Amino acid sequence: MTDLLTDAIGRALTREFGEGYRVYDEEVRQGLERPCFFISCENPSERLFLGDRYLRENRFRIMFFPEEESRAKKSCRNTAERLFGCLRLLDAQGELFMGRRMNSNIENGILSFFVSYDTFLYRSSDKAPVMGGMSGRVSARSRTQIGG
């Protein structure tokens, strides 16, 4: 799920900003080409909600590194405005996810933009748990988005 959403965010960024902006989803130790974005999913979590439904919370951080350090704050502010629009609705292989809890901050000339794509997972057990243990098979049936 995380990789699916990361890829969809990358495609949305490329559509909005064009090929001139690099999009990274892995750590770059050297040779970072500016302007660029770095996508990471921070502390994904899952909890039982009701019955066979689990709430998966996917909080993403998109960092933007502007090209010109002399105009970094202005570039970061303009980029944040565009991110609010292009990440509001995400298409991940035909499934639509609504971006929620969006916010941003600028620190040391770098923009950090946060957005959550939370989903429900439906799971059913093919076998009942065995007495005295937690064995049993669990499989994912389908996913839907949380309205927001």
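A crossing of two helices is called left-handed if the near helix is turned anticlockwise from the far one by less than a right angle, and right-handed if clockwise. Keep that in mind for the second view. The model shown is predicted, so local features need pLDDT of at least 70 and side-chain atom pairs count only at pLDDT 80 or more, while totals for chains, interfaces and linings use all residues. Residues are numbered from 1 along each chain as its sequence is written, and side-chain values use heavy atoms, with hydrogens and water left out.

View 1. Helices (H or I, at least four residues) and strands (E, at least two) are DSSP runs, numbered from the N terminus. Of the 148 residues in the chain, 35% are buried. Here, buried means under 20% relative accessible area, exposed means over 50%, and partly exposed lies in between (1.4 Å probe, protein chains only). A contact means heavy atoms within 4.5 Å. Among contacts in the chain with a separation of 6 or more, 56% join residues 24 or more positions apart.

**View 2. Helix α1 packs against helix α2.** Two packed helices are described by the angle between their axes and the distance between the axes. How are α1 (residues 2-17) and α2 (residues 72-86) arranged? Their angle is about 125°, and their axes are 10 Å apart. Axes are lines fitted to C-alpha atoms, for helices over the stretch in contact, and angles run from 0 to 180 degrees between N-to-C directions. Angles under 35 degrees count as roughly parallel, over 145 as roughly antiparallel, 65 to 115 as roughly perpendicular and the rest as oblique. The two helices α1 and α2 are therefore oblique to each other. The crossing of α1 past α2 is right-handed. On α1, the contact is made by A12, L13, E16 and F17, and on α2 by T79, R82, L83 and C86. These residues divide into 5 nonpolar, 1 polar and 2 charged. For this count, Ala, Val, Leu, Ile, Met, Phe, Trp, Tyr, Cys and Pro are nonpolar, Asp, Glu, Lys and Arg are charged, and the others, Gly among them, are polar.

**View 3. Cysteines C36 and C86 are both buried.** The relative accessible area is 0% for C36 and 13% for C86. How many disulfides does the whole structure hold? The search finds 0, where a disulfide is a pair of cysteine sulfur atoms within 2.5 Å.

**View 4. Asparagine N105 sits in strand β8 (residues 100-107).** Is N105 buried, exposed or partly exposed? N105 is partly exposed, with a relative accessible area of 36%. Leaving aside residues up to four places away in sequence, N105 touches I110, L111, S112 and F114. The C-alpha atoms of N105 and R77 are separated by 8.9 Å, although these residues are 28 residues apart along the chain.

View 5. In the loop between β1 (22-24) and β2 (36-41) you will find P35, and the peptide bond from R34 to P35 is cis, with omega near -5°. Next comes N43, in the loop between β2 and β3 (45-50). N43 is not a glycine, yet its phi is positive, near 55°, and N43 is exposed at 70% relative accessible area. Finally, Q93 lies in the loop between β6 (89-92) and β7 (95-98). Q93 also has a positive phi, about 50°, without being a glycine, and Q93 is exposed at 69%.
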